[in-house]
Amino acid sequence: MAIKNIKDFEANNEDISINVFGYDGNQIVGPYYLTPKRRNHHINLMLLHEGDKFHYILIMDMSRLLRSQLTAHKGRSIICDGCIQSFTTEAVYEKYEKECVGVVTDMPKEGENIIRFKNYHKKKRVLFVVYADAECILVDWNPENLNTNTVTMSYYWLTCSKTSEVYFTVPSLSWDAMFLCTGVELELFTDINMYSFCKTGIRGGLTQCSNANSKHTADYDPSKSEVNIYYLDVNNLYGKAMTQCLPQKGF
């Protein structure tokens, strides 16, 4: 049965759910297929292939299969079969399982978790600067001194072209430009629990509904404390947040 047909198999067998993993370069990879809903009879399979031949193997114990690949921990590990992360206790895993979105998260190892500007071979010295927008110069717009105002800058340009030695997208160019201009070194998480803590703390906004007891309303009850509802519209919250310093290391 092809992987694309597993969804139909699950639809015809309402008590069975299946995840499929692969084997590549002496490592377990995937999942190639992740069930949308875990059911009473859940099965983890590993797909092996050689040329046009394919074969499924039943995974009896995810911990024994993946422990040495994921962690140096010698005891039993609990493996999340949605994102291939290991946990040492059931309590930690059960808390994480509710937030797992089925995306494999590859955490860096300690000592390999610092990112900085390294692409020095992509730098090219710029001999001149052209301003296409006169507003960025911020000088008086006077035709008499237009030819006498000179603005000079010295900086490095990160090349962008079709070769493999440079950048293919504007975001990758901007990312390196940020590290080059600021000299910042960012420390990445190595602990999946710290990562999950931050991920689950993300909120799109805060809304609270309350019952007002205001003397300006028809159902005002003077025997109770006066409660008013205020509507606050704060301008440029995003801009304010962007001016604040972000943590770089020492988590």
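Is Arg116 buried, partly exposed or exposed? In this predicted model, Arg116 is partly exposed, with a relative accessible area of 35%. Its side chain meets that of Glu185 in a salt bridge, at 2.9 Å from N to O. Glu185 sits in the loop between helix 4 and strand 10 (186–187), and Arg116 in the loop between strand 7 (114–115) and strand 8 (123–125), so the pair ties together parts that are 69 residues apart in sequence. Glu185 is partly exposed as well, at 40% relative accessible area.

The structure holds 2 salt bridges. Side chains of opposite charge can pair when their charged atoms come close. The accessibility of the two partners was computed separately. Arg38 has a relative accessible area of 47% and is partly exposed. Asp81 is buried, with a value of 8%.

The overall composition of the chain comes next. The secondary structure comprises 6 helices and 10 strands. The chain has 251 residues, and buried residues make up 20% of them. Contacts between residues at least 6 apart in sequence were also classed by separation. Of these, 47% join residues at least 24 apart.

The mean pLDDT is 77. A value of 70 or more is reached by 78% of the residues. Strand 10 has the highest confidence, at a mean of 93. Strand 9 (residues 156–158) has the lowest, at a mean of 52. Over residues 146–156, pLDDT stays under 50. For this stretch, the model has 14 contacts beyond four places in sequence.

Two hairpins were examined. Strand 1 (residues 16–24) and strand 2 (residues 27–33) run antiparallel and are joined by 4 bridges. Tyr23 has Ile28 in strand 2 as its bridge partner. This hairpin has 2 residues between the strands, and Gly25 takes a positive phi near 60 degrees. Strand 3 (residues 41–50) and strand 4 (residues 53–58) are also antiparallel, with 6 bridges between them. Here, His49 is partnered by Phe54 in strand 4. Again 2 residues lie between the strands, and Gly51 has a positive phi near 65 degrees.

Ser17 lies in strand 1. Is Ser17 buried or exposed? Ser17 is buried, because its relative accessible area is 0% and the cut-off for burial is under 20%. Beyond four places in sequence, Ser17 touches Glu10, Thr35, Lys37, Arg38, Arg39, His41, His42 and Ile43.

Helix 4 (residues 170–182) has 13 residues. From first C-alpha to last, helix 4 reaches 18 Å. This is close to the 18 Å expected at 1.5 Å a residue. Gly183 follows helix 4 and has a positive phi, near 70 degrees.

Asn213 is located in the loop between helix 5 (192–200) and helix 6 (237–242). Which backbone atoms does the side chain of Asn213 reach? A polar atom of this side chain lies 2.8 Å from the backbone nitrogen of Asp221. The side chain also reaches the backbone oxygen of Ser225, at 2.9 Å. Asn213 is buried, with a relative accessible area of 9%. Leaving aside neighbours within four places in sequence, Asn213 is in contact with Asp219, Tyr220, Asp221, Lys224, Ser225, Glu226 and Val227. This list includes Asp221 and Ser225, the residues whose backbone atoms were named above for Asp221 and Ser225.

His121 lies in the loop between strand 7 and strand 8. His121 counts as partly exposed, at 49% relative accessibility. The C-alpha atoms of His121 and Val166 are 8.5 Å apart in space. In sequence, His121 and Val166 are 45 residues apart.

Methods: Residues numbered from 1 in each chain as written. Predicted model: local features only at pLDDT ≥ 70, side-chain atom pairs only at ≥ 80, totals over all residues. Heavy atoms only, no water. Buried < 20%, exposed > 50% of the residue type's maximum accessible area, 1.4 Å probe, protein only. Polar contact = N/O pair within 3.5 Å; in protein donor to acceptor, adjacent residues only side chain to side chain. Contact = heavy atoms within 4.5 Å. Pairing = 2+ DSSP bridges. Expected span 1.5 Å × (residues − 1). Salt bridge = Lys/Arg side-chain N within 4 Å of Asp/Glu carboxyl O. pLDDT = per-residue confidence, 0-100.
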